[in-house]
Amino acid sequence: MSSNANGTGANTPASQLESVLPIHPTAARRGNPIVVQSDLTSYTNDHIISKFTNRGADVAVVEGQYIVTPTTKQYEFQTARKVAKTGLMMVGWGGNNGSTLTATILANRHSIVWQTKNGVQQPNYIGSLLRASTIRLGTDPSTGKDIYVPVSDVLPMVHPNDLVLGGWDISGARMDEAMKRAQVLDYDLQRQVAPYMAELGSPLPSIYYPDFIAANQEARADNVVPGTDKQAHLEHLRADIRRFKEQHGLDRVIVFWTANTERYSDIIPGVNDTADNLLNAIKTSHSEVSPSTLFAVASILEGEPFINGAPQNTFVPGVIELAERTRSFIGGDDLKSGQTKLKSVFAEFLVNAGIKPLSIASYNHLGNNDGHNLSAEPQFKSKEISKSSVVDDMVAANPLLYKPAQPGAPKGSKDAKGEHPDHIVVIKYVPAVGDSKRAIDEYYSEIFCGGRSTINIFNECEDSLLATPLILDLTILAELLTRVKYRDVSPNSKAEFAPLYPVLSLLSYMLKAPLVKPGTDVVNSLNRQRNALEAFLKACVGLEGSSDLLLETRIW
C-alpha cells in the first residue's frame with residue numbers, strides 16, 4: 001500500500017498480529033450445509049421449493065362461549081438459491097453507526113486483530129441475530145440431543161464481508177476521519193483499518209432540510225445537494241443509486257437510513273396521504289416532504305429495498321401505497337438494540353407471569369451525535385413515540401389484568417385506548433459519556449392481593465456496537481426476502497409465484513416500532529417476533545416451526 005502525503009494512515013505498517021487467530025465462528029463461511037429430505041421440499045439448480053401448511057384458528061364468541069374452528073391453507077415457497085451481489089448504501093454513512101459498521105466489516109474482511117488493555121481482540125459478528133445465534137433443527141436420533149445450526153445457514157444469505165459499502169452524509173469527512181470522530185472503536189483497530197477506510201473516500205452529498213433535524217447539526221452540514229427543488233433532489237438520489245449499482249456490478253442495493261432522527265412529518269390530505277399526492281408534493285417541493293421520505297421514494301422507484309433505522313414517520317401513507325404499487329420492499333422503524341429490546345422481553349415476562357405493571361419509567365443519557373440531535377424537542381418526540389409503544393400488544397393480550405378498549409368510546413379517551421401502564425421515556429444529552437449509553441428502567445407492579453413490586457434495571461452499553469449488527473441483519477434479511485416468492489396451492493387455486501407483500505414485517509425483531517401491513521396489529525413481543533422469523537425461514541425449506549412440546553419426552 002503506497003504512502004499518502006495527506007496523512008490518511010495509508011502508509012501504516014501491516015499488522016504483525018494479522019491472521020494469528022482463526023476466523024471467529026460468527027464470521028466463518030460454511031456454504032449451505034442443510035439439506036431437507038422430505039416430499040415437502042425439492043431442490044433445483046436455481047431454487048429451493050417447499051410446501052407449507054399455514055395453520056390457524058377462527059374464533060367466534062357466542063353468549064360468552066368461545067367457538068374455535070381450526071383452519072389450514074396450503075402454500076408453496078420458492079427461494080432463489082443464488083445470493084445477489086449486494087450493495088449497502090447508508091444515509092448517514094459518516095455517522096457513528098455507518099463508520100463503525102464499515103470499519104468492522106473491513107476488519108473482518110482483512111482478518112485484522114488488535115491489541116486492547118485486555119489482550120488481543122479478533123473481529124467478529126457478535127450481536128448479529130443471523131450470524132451469532134442458532135435455530136433448533138431437530139434431534140439426533142442416536143442420542144436424543146437437540147441439533148442447532150446458525151440462523152444464517154438455514155437459507156443462502158449474503159455474507160457480511162461481501163457487502164459493497166457506500167452512501168450519503170451531510171458531513172463530507174473522509175471515512176477514516178469519520179471513524180476517528182465517532183470515538184467508538186479501540187485505537188489500535190482504528191490505526192490498522194484507517195488505510196482501508198481512507199480508500200473509500202468521502203460520502204456522497206446528502207439531502208439537508210434544516211427544519212427536520214436539530215439546529216445543532218448545521219455545523220456538520222458541509223456536504224449537501226444544493227438547491228431546494230425536491231423533484232431535482234429525488235432525481236439526484238435515483239441517479240446516485242443507479243450509478244453505485246452500475247459501478248460495482250451489483251444485482252441489488254439496500255438503502256438504509258441510519259442518519260439523524262427527524263421530526264415527525266404532518267400527515268396532510270392531498271399532500272402525503274396517497275402515492276400520487278406524495279409524488280406531486282415532491283414536484284412542488286412541499287415543506288412536509290422530509291429527506292428520509294425522499295430517500296424512500298427514490299429507492300422504491302429504483303426497485304430497491306429501503307429500511308428506516310430511525311424513529312420518524314418516513315413511511316407516510318403515500319410511501320406505503322407507492323411501495324404497494326411498484327412492489328418494492330420497505331421496512332422500519334428505529335433500530336431496537338438496548339433498553340427497548342430489554343423492555344419488550346421484561347414487560348412480556350411480567351404480564352405472562354400474571355403480574356400487573358402499573359408504571360414503567362425509562363431514563364437514558366448518552367453523549368454521541370445521536371444524543372446531541374435528540375436534545376431538540378421535535379426530534380425527541382419522534383424517539384419518544386417509537387419507544388413508548390413497545391408494550392401495547394402485551395397489555396392488550398391480557399384483559400384479566402387490564403381493562404380492554406371499549407367500543408364506541410370517544411376517540412382519544414382512556415376508555416377508547418383501554419387500561420395501560422403509566423409509561424414515560426426521558427433522554428438526556430451528556431457529552432462526557434460519548435457512545436456509552438446509560439439506561440435506567442423502573443417497573444412498578446401490582447402483585448398478589450394488593451402487594452407491590454419494584455424492579456430497577458441499570459444498563460450501560462456502547463450504543464453503536466449494539467446497533468451496527470442490527471443494520472447487518474436487516475440488510476441481509478431484506479436481500480433474502482427479495483428472493484422468496486410464494487403461491488397459494490389450495491384446491492382450485494391457479495396462482496403463480498409472487499413476491500412477498502412490500503412491508504417487510506418479518507424484520508420486526510430488530511426494530512422498535514415495526515412497520516406492518518396496514519390494518520394488521522403490531523407485534524412487539526420479542527419472543528413472538530423471533531418465533532415468526534424462525535418459522536418463516538424453516539417454512540422456506542419445508543420444516544415446521546419451532547415445537548417446544550417435545551411430546552416424545554412426555555409420554556411412554
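I'm calling a residue buried when under 20% of its relative accessible area is left, and exposed when over 50% is. I also keep in mind that this is a predicted model.

**Burial.** I looked up how much of the protein chain is tucked away by that cut-off: of its 556 residues, 52% count as buried. Then I checked the accessible surface, which comes to about 25,900 Å². Carbon and sulfur atoms hold 52% of that surface.

**Overall shape.** I wanted to know how the radius of gyration fits the chain length. A compact globule of 556 residues would come out near 24 Å, and the protein chain has 24 Å, so the two agree. Along the principal axes, I get a C-alpha trace spanning about 80 × 60 × 50 Å.

**Fold elements.** I find 15 helices and 19 strands in the protein chain. Next I looked at contacts between residues at least 6 apart in sequence: 74% of them join residues at least 24 apart.

**Cores.** Which residues touch the most other members of the largest nonpolar core? I get Val193 and Leu537, in a core of 68 residues. Helix H14 (residues 463–482) gives this core its largest share, 10 residues. A second, separate core has 39 residues, including Leu250, Val255, Phe295 and Val503.

**Val193 up close.** I skipped the neighbours within four places in sequence and noted what else Val193 is in contact with: Ala103, Leu106, Ala107, Ile112 and Met179.

**Charges.** I looked up 53 positive and 60 negative charges in the protein chain.

Terms used:
Residues numbered from 1 in each chain as written. Predicted model: local features only at pLDDT ≥ 70, side-chain atom pairs only at ≥ 80, totals over all residues. Heavy atoms only, no water. Helix = DSSP H or I, 4+ residues; strand = E, 2+ residues; numbered from the N terminus. Rg over C-alpha atoms; globule rule 2.2 N^0.38 Å. Buried < 20%, exposed > 50% of the residue type's maximum accessible area, 1.4 Å probe, protein only. Contact = heavy atoms within 4.5 Å. Areas by Shrake-Rupley, 256 points an atom, 1.4 Å probe, with all protein chains shown as cover. Lys, Arg positive; Asp, Glu negative; His and termini not counted. Charge placed at Lys NZ, Arg CZ, Asp CG, Glu CD. Core = buried A, V, L, I, M, F, W, Y, C linked by side-chain atoms within 4.5 Å.
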